[in-house]
Amino acid sequence: LEAAETELFRQAIAESIRATMWLGNTERANGSLSTFNGLLKAIHADREEMTYSTYEASELAIEGFVEATLRQMLADAPEELRALKSEGQLAFFCTSDIYAAYENSLDNVVLDAAYEAKQAGRTGLSMRGIPVIDLQLGKYTQQINDLPKSFIILTDRRNLALAVNTSDFPGTEIRMWYNPDQMENRQRAVFMAGCDYLLPELMSYAHIE
């Protein structure tokens, strides 16, 4: 039981860090995902320094729109970013609505392989060899109103940095204990974490307006 509880605690911390890495905002009034600023806040603040575009929610229902958007983002990306494609580290990071719309467009391809994939499902999507990654942030975007709920980021994976320090930060504490008065197991984790992207010229960004 202790091992199971410890694993659940570890998974909860990891998931909180992952979600905050993308949607964190220390100025958020409701306190949701506010322990440190996430990548989307930094990217949105600096969007004028990178390849940047917008779209409307209604456009996602247009057949082929998302596929065309992904292709255009790649075509418009800085030469420095496109040149890194051969190194296999480029990726489209997107919200679930984008991922689903792109997958639906692949179902309409008239090929035996596409029909089989439609029946059996797909383990992962890509566009011109670049992975399309569903960030699965839906339950978190419903809690925020200060950042876009739908977005696409094209970048090199190595351009995104996350740091977590659980040993050298003053006041660091990760522990679990049992409260006999409440008959409850309690957990507490205090540590340092932060994230950022390194170069705006290695970033292409689109979001819902």
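A pocket, on a 1 Å grid over the protein atoms alone, is an open set of points where a 1.4 Å probe fits, with protein on both sides within 12 Å along at least five of seven lines; lining residues have an atom within 4 Å of a point. Grid points are joined across faces, edges and corners, and a volume is the space filled by probe spheres set on the points.

The model is predicted: local features need pLDDT of at least 70, side-chain atom pairs count only at pLDDT 80 or more, and totals for chains, interfaces and linings use all residues. Residues are numbered from 1 along each chain as its sequence is written, and side-chain values use heavy atoms, with hydrogens and water left out.

**Exercise 1.** Describe the largest pocket and its lining.

Solution.
- Step 1: The largest pocket contains about 270 Å³ of space. Its lining consists of 13 residues, and S16, I17, T35, A189 and F191 are the closest to the centre.
- Step 2: Helices (H or I, at least four residues) and strands (E, at least two) are DSSP runs, numbered from the N terminus. Both α1 (2–23) and β9 (192–197) supply at least two lining residues. The largest share, four residues, comes from α1.
- Step 3: Sorted by class, the lining has eight nonpolar, five polar and no charged residues. Here Ala, Val, Leu, Ile, Met, Phe, Trp, Tyr, Cys and Pro count as nonpolar, Asp, Glu, Lys and Arg as charged, and the others, Gly among them, as polar.

**Exercise 2.** Characterise the salt bridge between E15 and R18.

Solution.
- Step 1: A salt bridge is a side-chain nitrogen of Lys or Arg within 4 Å of a carboxyl oxygen of Asp or Glu. The structure holds six salt bridges. The side chains of E15 and R18 form one at 3.0 Å, N to O.
- Step 2: Both residues belong to helix α1, where they lie three residues apart, about one turn of the helix.
- Step 3: Buried means under 20% relative accessible area, exposed over 50%, and partly exposed in between (1.4 Å probe, protein chains only). E15 is partly exposed because its relative accessibility is 25%, and R18 is partly exposed at 27%.

**Exercise 3.** Which residues are linked with R158 in a network of salt bridges?

Solution.
- Step 1: R158 meets E87 in a salt bridge of 2.6 Å, N to O. This pair links distant parts of the chain, 71 residues apart: R158 is in the loop between β5 (151–156) and β6 (160–165), and E87 is in the loop between α4 (79–82) and β2 (90–94).
- Step 2: R158 also meets D156, at 2.9 Å, N to O.
- Step 3: E87, D156 and R158 are therefore linked in a network of salt bridges.
- Step 4: R158 is partly exposed at 45%, as is E87 at 44%, whereas D156 is buried at 1%.
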